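Take a look at the sequence and the structure below. Then read on for a short tour.

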Amino acid sequence: MLTAADIHGMYAIIATPAKPNAGRLDATDTVDLAQTERLIDKLILDGCDGLIVTGTTGECATLSESDYRAFVDCALSTVNRRIPTIVGATAMGGHEVVRRLTFIREQGADATLLGLPMWQPVTTRMAVDYYAGISELFPDLAIMAYANARAFRFSFPLEFWSAVAQAAPTVTSAKYSRVQGLKELIVATGGRINFMPNEMVVQDFFAIAPNTTTACWATASGMNPAPAIALMRAIEARNEDAIQTLTAAIGWANEPIQPMLADADLFAQYNIQMEKTRINAAGYSQCGPVRPPYQDFPEDYAAQARECGQRWHRICDAYAGNFKFSDRPWEAANERTA
């Protein structure tokens with residue numbers, strides 16, 4: 001089982017590639033399996049240390065069950081145990097979650113990204129009991145708790161983490177990017193849960209807790225994983241100059257989407273649209289259209305997402321796979337294309 005100590009490096013989070021018909025309400029067979037295989041092979045070849053699929057960006061909530069199974073089977077078959085793979089299994093209720101977990105365990109997933117069942121908000125007792133029950137049913141399948149307070153309408157308070165660390169021994173990691181209170185979380189969980197942030201805040205986690213910041217995740221991997229991989233390598237090497245340079249580059253690329261990232265309500269409404277738009281604009285991979293009912297994306301926000309993808313491409317093009325930490329080549333690239 002994937003323990004907290006086993007989790008290292010940069011984990012790519014990918015969209016579930018969609019065929020052109022995927023935006024139709026009556027569409028079936030919407031997953032582009034050929035693109036799925038190409039993307040995963042490319043990410044592994046380019047140095048990703050792990051893979052996370054069927055989360056929010058992976059459109060877990062809008063995949064039909066047949067599409068979910070086809071995609072997960074393709075993803076795990078393509079990975080073929082070359083890197084740890086975490087498969088989302090969140091659903092409307094516990095019975096469907098168990099069916100999905102049974103399937104992904106049979107297919108060879110290393111862990112599951114698991115949020116709380118959706119619809120009715122839960123109490124802390126319900127949340128702890130839920131993860132404890134899943135842990136008991138699947139003692140050999142690690143759980144990455146999906147700590148998205150907005151999506152699951154649960155604040156994931158400190159008492160939840162201290163209780164779940166005791167009651168659910170298979171909860172060994174958390175998709176968690178809030179810097180505030182990180183030290184308290186680590187103490188409360190006794191180091192048994194690896195709190196994994198995204199590439200935009202991993203340097204802040206490292207500054208607070210250098211010994212436990214061993215990994216990050218990046219939905220930006222669909223645009224090209226190189227900047228996030230390089231940042232994680234710099235953190236592993238304790239290379240402060242590199243950390244600062246790469247953090248600045250990533251921050252510059254994400255400037256256009258800051259209005260969405262800074263507004264919790266706005267981000268919740270346009271999360272999937274923003275991710276798929278910037279991924280498609282960056283040119284590293286094509287994830288296709290958004291599945292219904294989330295296709296609406298006002299043009300001003302879409303333009304910001306496209307600019308983010310184009311900036312990300314400029315960073316990768318400027319470095320050309322050879323990250324030099326002594327200069328800021330993305331700025332020169334931006335000036336040339338302005």
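## Confidence

The model is predicted. Its pLDDT averages 94 over the protein. A score of at least 70 is reached by 94% of the residues.

Over residues 333-338, pLDDT stays under 50. For these residues the model has five contacts beyond four places in sequence.

Start with strand β5, residues 142-146. Five of its five residues are buried, so the rest of the structure largely encloses this strand. Both faces are covered. A142, M144 and Y146 are buried on one side. I143 and A145 are buried on the other.

Which strands pair with β5? One is β4, residues 111-114, which pairs with β5 in the parallel sense over four bridges. Here A111 has A142 of β5 as its bridge partner. To get from β4 to β5, the chain passes through helix α4, residues 124-137. This β-α-β crossover is right-handed. Strand β6 also runs parallel to β5, and four bridges join the two. In this pairing, Y146 stands opposite K175 of β6.

## Serine 173

Now move to S173, which sits in strand β6, residues 171-175. Is S173 buried or exposed? Its relative accessibility is 3%, and buried means under 20%, so S173 counts as buried.

What does S173 touch beyond four places in sequence? Its contacts are I7, I143, M144, A145, I193 and N194.

## The kinked helix

Helix α12 spans residues 264-282. The helix has a kink of about 65°, centred on Y270. Y270 is itself among the buried residues of α12. Others include L266, N271, I272, M274, R278 and A282.

What do the buried residues of α12 pack against? They pack against three helices: α10 (240-254), α11 (258-262) and α13 (299-319).

Both ends of α12 have a detail to find. After the helix comes G283. The phi of G283 is positive, near 90°.

Methods. Residues numbered from 1 in each chain as written. Predicted model: local features only at pLDDT ≥ 70, side-chain atom pairs only at ≥ 80, totals over all residues. Heavy atoms only, no water. Bend = angle between axes of the 7 residues up to and from the residue. Buried < 20%, exposed > 50% of the residue type's maximum accessible area, 1.4 Å probe, protein only. Contact = heavy atoms within 4.5 Å. pLDDT = per-residue confidence, 0-100. Pairing = 2+ DSSP bridges. Right-handed = clockwise from strand over helix to strand, strands pointing away.
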